[in-house]
Every structure is written in C-alpha cells, then in structure tokens.
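Here is a short note to read alongside the model. Keep the sequence and the 3D view open as you go through the points.

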Amino acid sequence: MKAAAKGRFQVKPGSRITGVMRMKSRESLVRLKEFQVNEKRRQLQQLQMMMSEFDRMTKDLESQIVVEEKKSGISDPNHFAYPTFAKAARQRADNLQVSIKELRMQEEALEQTLEEMQAEYARAAALEERDGAVRARA
C-alpha cells in the first residue's frame, strides 16, 4: 500500500483490507439491529407495565369511590351532596382510562415497528451468517 496525501492509505478494491472492513461493518450492522430490537422490546415492556399500573390505580379509585358513596349514602354523581372526594376520584379514574386507551394505540404502533425491526435484524443476521460460511470455505 502506498501512502497518499495527508498520511492516508489508498486501498485497492480487491485487497484484503476491504473484505475485513466489509466484515466489520456487517458485524456492526447486526449488532446495531440487535440493539434496536432489544430497545424496542424494552420500550414495549415499559409501556405494558405502565398500562397495568394505570389499570390497577383505576381499580383502586373505583373501590374508594364505592366506599365513599356507601359512607355518604349518595351514589348519584349529579346530586348536590355527592362527596367531593368521590367526584375527584371518579374524574381521576376517567383520566386514567383515557390514558390507557392512548397507551394502547402507542403499543400497537410500537409492536408494528418491533416486527419490522425484527425482520431487518433477521435479514442482517442471515447476511452475516452467509458471509461467515463463505469465509470459512475460503
């Protein structure tokens, strides 16, 4: 190899170095795709945990509402003497249900993205495996 201007080396297309560089870049691509898939799985898991936590909080609020209504003897939210705590808890439970619905939409989009990323990872891994087999034969 000859030294080029500014201390850089010139690499001929058929040389061994380009093969090594291509191998390294494919390995890097496979690792990157694997990382991306794992990251999306983590995000999906986090989203599902949030939804289950919101669902648990909603159930807790609903049970507290029932207790408040029994204490006051008023179960009509439109009644003038309906407990303030029960009214606030009902509003919070409704807000949590809306949040759960929004998270479900995000979950669907994330699942679709994850499937696409898994397919990309599988293609990159297959290419790497094929190249590894070719290198082993050579």
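1. A salt bridge here is a side-chain nitrogen of Lys or Arg within 4 Å of a carboxyl oxygen of Asp or Glu. By this rule the structure has 7 salt bridges. The model is predicted: local features need pLDDT of at least 70, side-chain atom pairs count only at pLDDT 80 or more, and totals for chains, interfaces and linings use all residues. Residues are numbered from 1 along each chain as its sequence is written, and side-chain values use heavy atoms, with hydrogens and water left out.

2. Start with Lys-33 and Glu-120. Their side chains meet in a salt bridge, 2.8 Å from N to O. Lys-33 lies in helix α1 and Glu-120 in helix α2, so the pair ties together parts that are 87 residues apart in sequence. Helices are DSSP runs (H or I, at least four residues), numbered from the N terminus. Lys-33 is buried, at 16% relative accessible area; Glu-120 is partly exposed, at 29%. Buried means under 20% relative accessible area, exposed over 50%, and partly exposed in between (1.4 Å probe, protein chains only).

3. Next, Arg-90 and Glu-69. This salt bridge spans 2.7 Å, N to O. It links distant parts of the chain: Arg-90 is in helix α2, Glu-69 in helix α1, 21 residues apart. Arg-90 is partly exposed, at 30%. Glu-69 is buried, at 14%.

4. Lys-71 is exposed, at 66% relative accessibility, whereas Glu-68 is buried, at 18%.

5. Now the inside. A nonpolar core is a set of buried Ala, Val, Leu, Ile, Met, Phe, Trp, Tyr and Cys residues joined through side-chain atoms within 4.5 Å. The largest such core has 18 residues; Phe-54, Leu-61, Ile-65, Tyr-82 and Leu-103 touch the most other members. Helices α1 and α2 (84–137) are the elements that give two or more residues to this core. The biggest share comes from α2, with 9 residues.

6. Which residues is Leu-103 in contact with, leaving aside neighbours within four places in sequence? They are Leu-47, Met-50, Met-51 and Phe-54. Contact means heavy atoms within 4.5 Å.

7. Finally, Leu-32. Leu-32 sits in helix α1 (residues 16–72). At 41% relative accessibility, Leu-32 counts as partly exposed.
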